[in-house]
Amino acid sequence: MSDEKSPPSEPITEFRQENRFLSNFWPCRVQYSPLWYPSVEHAYQAAKCLHSVDALRIREAASAGEAKRLGNDMQTMGRVRPDWHDIKLEVMGDLLWQKFVLNRELRARLVATGDRELIEGNSHRDDYWGVYRGTGANHLGNLLMRLRTVGRYLAENQPSKAEGSYDDGRRPGDGDS
C-alpha cells in the first residue's frame, strides 16, 4: 500500500448538463411561509419581497428564470424587505435543505458528487452565491457541500425503509410515546 494520496477529483464548476440538478432553477417543490413553490429560485426570489402581491406574482412565474427577473425587478423598484441582506443566506440554506435533505432522490444525487468541490461558476457576475472570473464567496457551493455531508450521514445511518414503515423507521401501530 502506498502512502501517496490519490489526486483530488476535479471540482464541479458549473451547474449545467449532468450537474444541472444542483442549480436553483431545477424543478422541485419547496415551501416558504406557508406557500409551495416550483423551484428554490421561485421561493428565494419571493422571500425577498416586501409585499405579498409581489411574492405571489413571482410564485406564479412560468420559469425559474422569469422568477429571477421578477425578483431583480423588486430590487430595482426598492420593494425588497429591509432585512433581506441579513437573512438571505439563512433563507437559502432552508430552501436547499428541503431540496436536498428531504428529497431522497436529489439527496442521493448530491451525495454521488463524492468529495468534489462544488463551485457555482457563472458569467452573470455573481460573486456572492458563486464565482465569477475566479473570484467569489461561492456561498451556494459551500451550502451544497455542507448538505452533502448531512446527506452522507443520513445515507450511512438512516435505517432502510421497510415495507409499510414511515420514513423514520417506525411502523404503523408503533407506540407514539
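Helices (H or I, at least four residues) and strands (E, at least two) are taken here as DSSP runs, numbered from the N terminus. The structure is a predicted model, so local features need pLDDT of at least 70 and side-chain atom pairs count only at pLDDT 80 or more, while totals for chains, interfaces and linings use all residues. Residues are numbered from 1 along each chain as its sequence is written, and side-chain values use heavy atoms, with hydrogens and water left out.

Several of its residues are buried, meaning under 20% relative accessible area with a 1.4 Å probe and protein chains only; among them are W84, I87, K88, V91, M92, L95 and L96. Also buried, towards the end of the list, are Q98, K99 and F100. An α-helix has 3.6 residues a turn, so residues three or four places apart point the same way. The cover over the buried residues of α4 includes β1 (27–32), α1 (40–47), α5 (104–111) and α6 (139–157).

Helix α6 is also where L154 sits. Setting aside neighbours within four places in sequence, L154 is in contact (heavy atoms within 4.5 Å) with V101 and R107. L154 and V101 are 53 residues apart in sequence, yet their C-alpha atoms are 8.6 Å apart in space.

Next comes a helix pair. Helix α2 (residues 52–59) packs against helix α3 (residues 64–76) at about 160°, with the axes 9 Å apart; axes are lines fitted to C-alpha atoms over the stretch in contact, and angles run from 0 to 180 degrees between N-to-C directions. That angle makes α2 roughly antiparallel to α3, a label used for angles over 145 degrees. On the α2 side, D54, R57 and I58 meet A67, L70, G71 and M74 of α3. Sorted by class, this contact has four nonpolar, one polar and two charged residues, with Ala, Val, Leu, Ile, Met, Phe, Trp, Tyr, Cys and Pro counted as nonpolar, Asp, Glu, Lys and Arg as charged, and the others, Gly among them, as polar.

Q17, in the segment before β1, has a phi near 50°, a positive value in a residue other than glycine. R125, in the loop between α5 and α6, has a positive phi of about 65° although it is not a glycine. Q17 counts as exposed (over 50%) because its relative accessibility is 70%, and R125 is exposed too, at 61%.

Methods:
Angles under 35 degrees count as roughly parallel, over 145 as roughly antiparallel, 65 to 115 as roughly perpendicular and the rest as oblique.
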